[in-house]
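Dear colleague,

Please find the structure below, followed by a short account of what was found in it.

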Amino acid sequence: MSEDFYCDEVFSGKTPVNKVIETDHVLAYYHTKPFYPIHIVAVPKRHISSLLTLQESDNETLLELLGVIKQVAAMVTEKYGACRVSTNLGDYQDSKHLHWHIYFGEPLR
């Protein structure tokens with residue numbers, strides 16, 4: 001897999017996705033290889049490598065991203081009664097592009 005799946009595959013259109021919410025700067029879509037029955041990923045459309053590398057200049061994008069995460073989490077919680085929201089860092093982060101998981105249910109694998 002590429003270091004940045006989102007820029008290399010999703011935003012380029014090489015890997016089609018089922019969109020949940022899209023704004024000018026953020027995309028939320030159903031995970032292409034879900035780990036949970038409901039598994040949505042939210043990402044900024046501009047490359048930011050991780051939560052730890054955010055700069056002050058990223059504040060507007062981060063606020064927009066958090067707004068989308070909040071909307072998706074509210075939708076999942078309303079429908080299923082709960083959800084989890086998480087991001088990975090370091091070796092846990094497969095794709096070196098800031099992304100958040102919004103998910104519900106027990107792990108599929």
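A surface patch is made of residues with over 30% relative accessible area and no salt bridge, like charges being joined within 9 Å and nonpolar side chains (Val, Leu, Ile, Met, Phe, Trp, Tyr) within 5 Å. A salt bridge is a side-chain nitrogen of Lys or Arg within 4 Å of a carboxyl oxygen of Asp or Glu. Areas follow the Shrake-Rupley method with a 1.4 Å probe, and for residues only the protein chains shown count as cover.

The model is predicted: local features need pLDDT of at least 70, side-chain atom pairs count only at pLDDT 80 or more, and totals for chains, interfaces and linings use all residues. Residues are numbered from 1 along each chain as its sequence is written, and side-chain values use heavy atoms, without hydrogens and water.

L51, L52 and L89 make a nonpolar patch of about 260 Å². L89 lies in the loop between β4 (84–86) and β5 (100–104); helices (H or I, at least four residues) and strands (E, at least two) are DSSP runs, numbered from the N terminus.

The largest nonpolar core has 16 residues, of which A28, I40, L65, V72 and I102 touch the most other members. Such a core is a set of buried (under 20% relative accessible area) Ala, Val, Leu, Ile, Met, Phe, Trp, Tyr and Cys residues joined through side-chain atoms within 4.5 Å. β2 (26–30), β3 (38–44), α2 (59–80) and β5 each supply at least two of its residues, and α2 gives the largest share, 6 residues. Apart from this core lies another of 7 residues, including Y6, V10, Y29 and V41.

Terms used:
Buried < 20%, exposed > 50% of the residue type's maximum accessible area, 1.4 Å probe, protein only.
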